[in-house]
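This briefing covers a two-chain model, topic by topic. Please look over the sequence and the structure before reading on.

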2 protein chains.
Amino acid sequence: MATNYKDASPEEINKAMEQSWQAFHIYRKYSLSQRADFMRAIASELENSTDEMVKVAMSETNLPEPRLKNEFTRTQFQLKSYAAACEEGSWLEARIDTAIPDRNPPKPDIRKMLVPLGTVVVFGASNFPFAYSTAGGDTACAFAAGCPVVVKAHPAHAQTSELVAQAILRAAKKLNMPEGIFAHIHGASSAVGQSLVMHSRTKAVGFTGSYIGGKALFDWANQRKEPIPVFAEMGSINPVFLLPGKLKDSTQDIVKMYAGSITLSTGQFCTNPGLIVGVEGEELQNFITSLGNEIKKIAPTTMLHPGIAKSYNQNRSNALSQEEVITVAVSETAVKENQGSPTIASASAHAFLNNPVLHQEVFGPYSIVIRCKDLIEMRAVATHLEGQLTSTLMATTEDIRNNEDLVESIKNICGRLILNGVPTGVEVCLSMQHGGPFPATTDSRFTSVGADGIKRFARPLAFQNWNDELLPDELKNSNPTGIWRTVNDDFTKNKIS
Amino acid sequence: MATNYKDASPEEINKAMEQSWQAFHIYRKYSLSQRADFMRAIASELENSTDEMVKVAMSETNLPEPRLKNEFTRTQFQLKSYAAACEEGSWLEARIDTAIPDRNPPKPDIRKMLVPLGTVVVFGASNFPFAYSTAGGDTACAFAAGCPVVVKAHPAHAQTSELVAQAILRAAKKLNMPEGIFAHIHGASSAVGQSLVMHSRTKAVGFTGSYIGGKALFDWANQRKEPIPVFAEMGSINPVFLLPGKLKDSTQDIVKMYAGSITLSTGQFCTNPGLIVGVEGEELQNFITSLGNEIKKIAPTTMLHPGIAKSYNQNRSNALSQEEVITVAVSETAVKENQGSPTIASASAHAFLNNPVLHQEVFGPYSIVIRCKDLIEMRAVATHLEGQLTSTLMATTEDIRNNEDLVESIKNICGRLILNGVPTGVEVCLSMQHGGPFPATTDSRFTSVGADGIKRFARPLAFQNWNDELLPDELKNSNPTGIWRTVNDDFTKNKIS
């Protein structure tokens, strides 16, 4: 991928990491409000540069202006809403057990809260130049947790990344943040990423992108002398299960909904529905034919960059050439350079269960419809699927009630389970889970969207037998920051008398 | 290590894992109260077998009866207190954001809670045959989370483990738990452990023991096609920092306290204080001499098994033979076979900083006192230390106030920070953190003691756009289980109207 920026040298990387280590010692002591102010200042710097940033991002990603403007607003919303969550403080999981001196043996006073891990290295996504990149969710969560951030710019939108980095640095300067709180590293070669992950000052990694990229970071992190946590969100095929009752009731509605979801943003979402599973029969045939007819009418659009367009065409051809795979429909509009042509395939469950190639993500406007003999075979598909960010059930209440085992199996493979909707569209709110069993992510116990994502970058520290005056404010008897705490097993905001 | 039990065959391992997978589908749907009842039934079965189990454990571990009786009571307390926490339900982290249909675009209803990962394989510790073994903290946390458990019996107390396993199986039978909810696997060879960790049905691992053992499990787990989380608690040297004011005020009190802590249970605790750091001078010399005099008077005691006694003597000799290391004191009572002789060494900070051998745990009644030129060198020791379960400050309020940077550096390396106490003694309560930065554990974001340990074995699952009647009880509008939830960013037990 072309970039006008030189790869950072080992010396530059080392300097950034050592400065971030110095900054960590200062920033980790900052109050929750100080961290939140910094995050809000970044949001404000971004807002002031909307036109320039969106324009540059358009030129680098081929994404249309309304889509990028939405994403840009979302990025500011993330920073502001995670700032509010940071200040609210319940993510600290403050737990207090007061002393019982006359117990035998005496019970000590113990108080625990989350503290930051240290410098977080963030790798942005090609498909979200703002919301999952330089000042995106990972960066916002790390700052809230009390961690400095070093971003490895995505080479496909390096200039956008540079502008966003400058906005972060302006906010840092205005708020007198410690030098090294944020650094921006360019690098088109994987050696730069490897150096960042392997550096001894790096304490955690956030990544959004391909399986190959994320798994490489995960392996490097675990090969370190001191392994570190990596949260890599590596995509998903987001299976959609069409249950018979619902399919019968709403074939045409489902077709409309899914023709849109499959092709939204040229299918370049990690929650794109790449697999649709139904039971053989007249309804499913109608569904396949109608979905194909809709897809044929949708014009191809330009993909993020030539590399992604090339991968899409290769992966799609590979999938379509597998034994027993039928090409149902391809967009009837001629394809221009670097465009992705909307495509629907179909195969039997038998073929799917026996061919791992069909389980792989085809990143772009592509989906394959799997035909099962019956609901037992549909459950076999669910239990054989790898981990997913999302699964979707198109089902009536009756369908759900009559297929408890199937529904349980589908629950077991995903991080978010949608009923009668589409997986595209990831709401930014506390209840969101954007994560899932491997290979959707490297650790299903965390999320990269929503304020719970802060916890990826923090760890508990217990203080035993400390004088009240020496404790962090969040753990003092008087609860001066007014946060929710668990005191002797009770949730409360009360002082301890 | 001798055991009367044959290593499990690959077929036996596979059968246990496949049965646990079947059990998972049933047990994961059990209510929190059903899980808690099962845990309480195990505690009750243990209580009914106290005399037999303690007797067998005494013969296998050489630990004295009062120590084992305490540990046995603690094990039942863990099961009962984690059962209470399981039922209370706030560990589920229920988060609800209700729909806003008239927003543009409409905001969907999203509700999230923790669900179990799947079968957990537990490896018990040699030094805690009850509390960190077969029905110990890891097993209790896994059952609370909704996971079946497969225990790999520790060969050094295989018969104790067998008795405890039978008690768990009796409780499972009485409460009509699904077959496969618990399995007990014998194996003296590491091949058995490796097969368990590599089995595709294993979804998480809990371990307490040595660095070599824990790191091997961690590496196997990450080499799987589907990597899985391993929480391995691998021990620690638990540094104690003697600050000048406190040392001057209380030399003899600190000596008494630490002579006891270093030799408690023949030093066979993962929180044993193996490193004491002070500043050169008359007070530190007095401390070293007095500690040596106390240690000389303490008679050696028998260690857990011949292998541990042999390792203690080898590791101690190796440490004492390092350049610039002085042997301060060795117990003056003659040592019998398999006993560990209380020992104090000393070295300069310069020697310590330049010799990684001195950073290694000597598991047993041994501690080394490090002499720093000044408090700046003490901070250098703190920043060069690997991750620790605990650190301890012996300090006056003035000492803390005057050495903020030192205290911050010490906070940064440990999971629990004790002020003016000893690290031995791990209270079972919600505020406890028994974990710490690598190599103390493989993931500093979790704990193996306290009900927060349940979260090691659970992951969030979000339900989007589900009908109230189809949601799990914990997420229904009426909040029928009465748990704490975060509803539209507010903590509440209220119903949603």
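A residue counts as buried if 20 or more other C-beta atoms lie within 10 Å of its own, as exposed if 12 or fewer do, and as partly exposed in between. By that count A:N62, with 19 other C-beta atoms within 10 Å, is partly exposed. The model is predicted.

**Relation of the two chains**

- Chain B is superposed on chain A by a rotation of 180° with 0.0 Å of shift along the axis, at an RMSD of 0.0 Å.
- This is the relation of a two-fold axis.
- The residue of chain B that comes closest to the rotation axis is B:N222, whose C-alpha is 3.8 Å away.
- Both copies use the same surface, since 100% of the contact residues of chain B recur in chain A.

**Contact between chain A and chain B**

- Chain B gives 52 residues to the contact, and chain A gives 52 residues.
- On the side of chain B that touches chain A, the elements giving two or more residues are β1 (95-97), β2 (110-116), α14 (397-402), α15 (404-411), β16 (414-419) and β17 (458-464) of chain B.
- Of these, β17(B) supplies the largest share, six residues.
- By residue class, this side of chain B holds 22 nonpolar, 16 polar and 14 charged residues.
- Strand pairing also crosses between the chains: β16 of chain A (residues 414-419) and β17(B) pair in the parallel sense over three bridges.
- Within that pairing, A:L417 has B:F463 of β17(B) as its bridge partner.

**Domains of chain A**

- Nine residues from domain 1 of chain A and 11 residues from domain 2 of chain A make up the contact between them.
- The side of domain 1 of chain A that touches domain 2 of chain A consists of two nonpolar, five polar and two charged residues.

**Helix α4 of chain A and its ends**

- Helix α4 of chain A (residues 65-88) has 24 residues and reaches 34 Å from its first C-alpha to its last, which is close to the 34 Å expected at 1.5 Å a residue.
- Buried positions in α4(A) are A:L68, A:E71, A:F72, A:T75, A:Q76, A:Q78, A:L79, A:Y82, A:A83, A:A85 and A:C86.
- These buried residues pack against α2 (32-48), α3 (50-61) and α5 (137-145) of chain A.
- A:N62 lies in the loop between α3 and α4 of chain A, and has a positive phi, near 65°, although it is a residue other than glycine.
- After α4(A) comes A:G89, with a positive phi near 85°.

**Other local backbone features of chain A**

- A cis peptide bond, with omega of about -5°, joins A:N104 and A:P105; A:P105 is in the loop between β1 (95-97) and β2 (110-116) of chain A.
- Another cis peptide bond joins A:F438 and A:P439, with omega of about 5°; A:P439 is found in the loop between β16 and β17 (458-464) of chain A.
- A:D489 is a residue other than glycine with a positive phi, near 70°.
- A:D489 lies in the loop between β18 (485-487) and β19 (490-492) of chain A, and counts as partly exposed, with 17 C-beta neighbours inside 10 Å.

**B:G235 in chain B**

- B:G235 is found in the loop between β7 (230-233) and β8 (239-242) of chain B.
- Leaving aside neighbours within four places in sequence, B:G235 is in contact with B:S210, B:Y211, B:C270, B:E361 and B:F363.
- B:G235 and B:T390 are 155 residues apart in sequence but 9.9 Å apart in space, C-alpha to C-alpha.

Key. Residues are numbered from 1 along each chain as its sequence is written. Chains are lettered from A and ligands numbered from 1 in the order in which they are written. This is a predicted model: local features need pLDDT of at least 70, side-chain atom pairs count only at pLDDT 80 or more; totals for chains, interfaces and linings use all residues. Helices (H or I, at least four residues) and strands (E, at least two) are DSSP runs, numbered from the N terminus. The expected span of a helix is 1.5 Å times one less than its number of residues. Two residues are in contact if their C-beta atoms, placed from the backbone, lie within 7 Å. Ala, Val, Leu, Ile, Met, Phe, Trp, Tyr, Cys and Pro count as nonpolar, Asp, Glu, Lys and Arg as charged, and the others, Gly among them, as polar. Two strands pair if DSSP finds at least two bridges between them. Copies are superposed by least squares on the C-alpha atoms of residues with pLDDT of at least 70 in both.
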